[in-house]
Amino acid sequence: MNAEPDTTCNFKAADYRSDYKPVWCPGCGDFTVLLSITKALAEINTPPEETVVVSGIGCSSRIPAYTNCYGFHGVHGRALPLATGIKLTRPELNVLVAGGDGDGYSIGGNHFLHASRRNLDMTYIVMDNQVYGMTKGQPSPTTLPDWDSALVPGGTGIRPFHPLVIALAAGANFVGRGFSGDPNRTRDLIVEAIRHPGFSFVEILSPCVTFRPDEKEWRNMIHPAEVDPTQDAARAARRILTDDGFNIGVLFKGDREPYLPRSGNGEDADAIRAMEREFVA
Amino acid sequence: MNEQVKPDEIVELLRQAYAMEVEAADCYYDLSDQMFAGNNPDVANIFSHLADIEGRHADEIEGRLKALGHNAAGGSYSWDDPLGPESTASEDIHYLMTPYHALQLALHNEKRAAEFFRMLADKSSEAEARALALEYAGEEDEHVKLVEEWLTRVDEPAVDWHDDEDPAVGQ
């Protein structure tokens with residue numbers, strides 16, 4: 001994160017909330033994720049206008065409207081390219097990207113790989129409920145193969161995507177898992193992700209009470225990760241592949257240098273100015 | 001309480017109490033928003049009212065901390081349980097719940113809060129901190145009585161309160 005804490009102010013979580021009331025279903029985990037995000041921003045203590053919240057499409061992607069930060073509610077699966085553009089042009093801003101498992105791992109899956117690989121200094125928060133909630137309950141890339149529903153009787157039979165391991169393989173510099181029903185630990189996880197340089201990926205298990213009422217049981221399955229985070233991506237990947245999917249906390253903290261664009265001198269700068277004259281002025 | 005004495009134990013207790021009340025207020029505001037989103041204004045208003053009450057308690061505790069020369073900063077706690085001792089899990093609500101259900105949740109939370117303060121009193125080695133914890137436990141006991149009285153003024157829900165004639169999807 002490049003934005004500097006404002007030592008003259010003591011921001012509270014409410015300072016990062018907008019006047020818009022969320023329209024998620026009552027009981028949705030995304031309410032508490034929003035609370036955790038605003039609490040994390042208060043802990044970071046940078047002015048709201050120094051953070052940009054970017055999203056794609058889906059229930060959780062409504063988050064930018066509910067914050068008092070700058071926001072960009074983009075198109076389906078394209079939150080990470082938008083955020084990449086914002087970070088490249090305004091590297092001093094704190095860039096948060098938020099969305100769901102359908103948006104991020106299916107239509108946005110390719111961008112997820114390359115955002116991890118590029119390792120720009122931003123934080124990607126995925127609220128994973130293992131279902132497409134906004135479009136009424138289709139299986140998503142993280143849905144278990146035997147999830148039986150009216151729309152997919154008997155389940156898909158397809159093995160789920162493993163986002164944490166894929167992020168590690170692609171080069172993400174920070175990987176963690178949270179649970180929406182544990183707002184304080186989720187707040188701490190987001191704070192750590194924002195402060196860690198490079199591409200930080202935080203998956204938050206966030207139950208969909210409407211289409212996946214079975215996920216209420218997650219509260220009883222969650223447990224803190226029993227080991228300290230490692231700097232070894234291969235070791236972290238092995239741990240994550242063999243865990244039960246419900247251990248929460250920081251799982252990997254890498255030391256790759258974040259990608260920084262070239263300084264904008266010389267021919268590149270001339271070319272950029274020429275493009276600005278043609279397309280922006 | 002003698003506010004000239006500033007043992008760390010009292011400050012720590014006040015900070016825990018402050019964190020608990022702030023979390024409870026945040027939680028009730030959040031539940032209120034959820035109920036407004038679900039077009040259930042009766043329950044939303046109850047949660048909003050409870051949030052205001054918890055917020056006033058937090059202000060009162062913050063005032064005590066300031067009187068002791070401390071602020072509430074550093075009052076962010078990660079409890080042993082995922083939720084604070086006076087908070088409700090989002091999954092425990094239902095969009096068709098009634099005021100009766102909301103007050104039952106509040107009653108449960110007030111009882112937990114009273115137990116929490118009694119537990120702190122038991123753990124306290126310093127007499128004034130113990131007295132303060134018991135004072136707060138007593139206040140929570142009063143809230144239990146208030147909520148119980150409130151419950152007598154609302155109707156018990158019908159057996160089929162959760163039936164939705166137009167559910168989101170047939171699962």
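1. For the complex, the predictor reports an ipTM of 0.82 and a pTM of 0.89.

2. Chain B has a mean pLDDT of 88, with 91% of its residues at 70 or more. Residues 1-6 of chain B are another matter, with pLDDT below 50; in the model this stretch has 10 contacts beyond near neighbours in sequence. Where pLDDT is low, the predicted coordinates should not be read in detail.

3. Now to strand E5 of chain A, residues 174-179: is it mostly covered or uncovered? It is mostly covered, as 6 of its 6 residues are buried. In a regular strand the side chains alternate between the two faces of the sheet. Here A:Phe174, A:Gly176 and A:Gly178 lie on one side of E5(A), A:Val175, A:Arg177 and A:Phe179 lie on the other, and both faces are covered.

4. Which strands pair with E5(A)? One is E6 of chain A (residues 199-205), which runs parallel to E5(A) and is joined to it by 6 bridges. Within this pairing, A:Arg177 has A:Glu203 as its bridge partner. Another is E8 of chain A (residues 247-253), which runs antiparallel to E5(A) through 4 bridges. There, A:Lys253 stands opposite A:Phe174.

Key. Residues are numbered from 1 along each chain as its sequence is written. Chains are lettered from A and ligands numbered from 1 in the order in which they are written. This is a predicted model: local features need pLDDT of at least 70, side-chain atom pairs count only at pLDDT 80 or more; totals for chains, interfaces and linings use all residues. A residue is buried if 20 or more other C-beta atoms lie within 10 Å of its own, exposed if 12 or fewer, and partly exposed in between; C-beta atoms are placed from the backbone. Helices (H or I, at least four residues) and strands (E, at least two) are DSSP runs, numbered from the N terminus. Two strands pair if DSSP finds at least two bridges between them. pLDDT is the predictor's confidence in each residue, from 0 to 100. Two residues are in contact if their C-beta atoms, placed from the backbone, lie within 7 Å.
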